[in-house]
Amino acid sequence: MNNAKRIRLIPLALAALSSLAAFAAQAGVADTAVHAKAAGIGLIVYPMGVKDVVTFTGSMPLGDAFLAAKADNPAVPTLTAMLLEAGTTRRDKFAISDTLDGIGAQLSFSPSAARIGIYGKSLKQDLPTVLDLLAEQLREPAFTAEELAKAKVQLEAALRQASDNPGAMARETMMLSLFPAGSVNAPAPREAMLKAVPQVTLEQIKAFHAKYYGPAHMTLVFAGDVDAKAIETAVAHGFNGWSGGVDYLRDAPARLPAKAAEHSIAMKDKASVSVFLGQATGLRYTDADYLPMTVGVDVLGSGFTGRLMAAVRAKEGLTYGIGGNLLGSDYMDGGLGISTTFAPELMDKGIASTRRELQRWWKDGITAEELDARKQAMVGSYQVGLGNTDGMSAAIIGTVERGVGLAWLDNYPQAIQSVTLQQVNGAIRKYVDPQKMVLVKAGTFKK
């Protein structure tokens with residue numbers, strides 16, 4: 001980004017932090033946001049008390065693309081997304097970069113199994129230029145043999161690097177153990193990806209793009225110094241005439257039965273062992289038990305205030321970091337995961353300590369004092385997160401992806417405060433069984 005533009009953006013973005021609290025007190029997110037549609041794309045425009053800066057986030061769902069690709073060639077979706085930033089039929093990637101740098105703007109894509117995520121930020125006056133670039137990259141990627149070859153090298157290098165990372169290997173094994181092959185939470189196995197990458201053709205890339213990319217179920221969220229009519233006009237200018245697109249896939253396959261299992265992945269010359277404990281819960285973000293379970297899991301494993309850090313690190317000194325969280329619940333049935341690392345000579349003791357705290361949490365539940373403290377922390381963190389254009393736009397697009405309305409954002413603090421001790425401890429006992437956890441260890445083990 002151009003340095004002069006950076007200097008202009010930073011103070012403007014910081015000003016939003018102080019002004020949002022007063023603005024939010026006047027009206028809720030659902031009442032303030034403006035909904036519109038342009039060129040088949042859903043638009044949500046949210047004005048905030050920051051001058052001249054606009055952040056936008058977007059989501060283009062991919063339907064069953066990931067699952068279909070796993071049966072054909074699992075590398076196709078990732079390589080297609082990578083090529084979005086490798087040039088268009090009108091200009092190469094260097095020209096695109098020069099245009100963005102020249103106006104101090106940002107534009108990027110973040111693919112996942114469920115959707116293509118979009119992020120952009122610019123001065124208000126430059127937003128039409130950035131949106132035209134976004135449309136060009138999504139609609140008219142060049143898809144050249146030269147860039148595909150480069151993307152293959154990059155992806156293969158990333159996969160091989162991950163293969164040498166104990167944490168990445170342990171997490172992949174855990175996710176494949178917890179979720180059925182028909183779930184977006186079950187990744188394509190790394191070895192299968194490595195075999196698939198060299199076989200991808202331009203014809204497969206183009207066919208995938210034509211089948212799954214389009215505006216039909218796409219959403220763009222704008223936050224900051226926004227003009228809804230001007231944004232509609234800019235989006236229409238770039239995207240008019242584009243068609244196609246698929247909806248989110250939310251039909252989950254039957255959940256795998258909880259079953260204790262242990263996987264050991266031996267790796268040479270690693271200073272520590274990555275350890276994951278996990279279990280499928282069947283919970284989704286929209287389920288009534290999700291918030292109570294979130295509170296309970298936060299008490300167990302959220303940062304330095306969680307029980308796991310207090311016991312396994314602070315008291316016993318067995319690890320530098322340990323935590324637990326709910327995972328994979330946005331689109332399909334999710335799970336619970338605990339992750340940590342231990343020195344090889346401390347691994348057995350560390351795992352025993354982790355299991356002890358998990359068992360105590362499950363058997364005795366959390367206390368009323370822990371519940372009150374966690375509620376305050378969660379609400380405070382949530383409100384701070386909405387204090388800038390990045391946080392607000394991300395929160396809004398999150399409600400779209402999870403299939404909940406914007407009123408959810410306004411009701412969240414009250415919903416957290418209304419969670420009872422009985423609900424939390426009931427959810428813990430209902431969705432977790434410490435005797436049926438999947439344990440994964442990856443690293444260099446003590447002989």
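At what angle do helix α12 and helix α15 pack, and how far apart are their axes? In this predicted model, with residues numbered from 1 along each chain as its sequence is written, local features need pLDDT of at least 70, side-chain atom pairs count only at pLDDT 80 or more, and totals for chains, interfaces and linings use all residues. Side-chain values use heavy atoms, with hydrogens and water left out.

Helix α12 (residues 290-301) packs against helix α15 (residues 368-385) at about 100 degrees, and their axes are 10 Å apart. Helices here are DSSP runs (H or I, at least four residues), as are strands (E, at least two), and both are numbered from the N terminus. Axes are lines fitted to C-alpha atoms, for helices over the stretch in contact, and angles run from 0 to 180 degrees between N-to-C directions. The two helices, α12 and α15, are therefore roughly perpendicular to each other; angles under 35 degrees count as roughly parallel, over 145 as roughly antiparallel, 65 to 115 as roughly perpendicular and the rest as oblique. On the α12 side the contact (heavy atoms within 4.5 Å) involves T294, V295, D298 and V299, and on the α15 side E370, L371, R374 and M378. By class, the residues of this contact of α12 with α15 are four nonpolar, one polar and three charged. Nonpolar covers Ala, Val, Leu, Ile, Met, Phe, Trp, Tyr, Cys and Pro, charged covers Asp, Glu, Lys and Arg, and the others, Gly among them, count as polar.

Turning to the sheet, six strands form an open arrangement in the order β1-β2-β6-β3-β5-β4, with mixed pairing; two strands pair if DSSP finds at least two bridges between them. The edges are held by β1 (34-38) and β4 (106-111), each with a single partner strand, so one side of each has no neighbour in the sheet. From one strand to the next, the twist averages 15 degrees. Strand β3 (residues 53-61) and β5 run antiparallel and are joined by nine bridges; M60 has I116 in β5 as its bridge partner. Helices also cover this sheet. Helix α6 (residues 127-139) lies across β3, β4, β5 and β6 (219-224), at about 35 degrees to β4. Helix α11 (residues 228-239) touches β1, β2 (41-47) and β6, its direction making about 150 degrees with that of β2.

Side chains of opposite charge can pair when their charged atoms come close. Across the whole structure, 20 salt bridges are found, each a side-chain nitrogen of Lys or Arg within 4 Å of a carboxyl oxygen of Asp or Glu. One of them joins R115 to E401, with the closest N and O atoms 3.0 Å apart. This pair links distant parts of the chain, R115 in strand β5 (residues 115-123) and E401 in helix α16 (residues 389-402), 286 residues apart. Both R115 and E401 are buried, where buried means under 20% relative accessible area, exposed over 50% and partly exposed in between (1.4 Å probe, protein chains only).

E172 and R190 form another salt bridge, at 2.9 Å between the closest N and O atoms. Here E172 belongs to helix α8 (residues 166-178) and R190 to helix α9 (residues 190-196), 18 residues apart. E172 counts as buried because its relative accessibility is 12%, and R190 is likewise buried at 12%.

Within helix α14 (residues 347-364), R360 and E357 lie three residues apart, about one turn of the helix, and they form a salt bridge with the closest N and O atoms 3.0 Å apart. R360 is partly exposed at 39% relative accessibility, whereas E357, at 6%, is buried. Finally, a network of salt bridges links K93, E146, E147 and K150.
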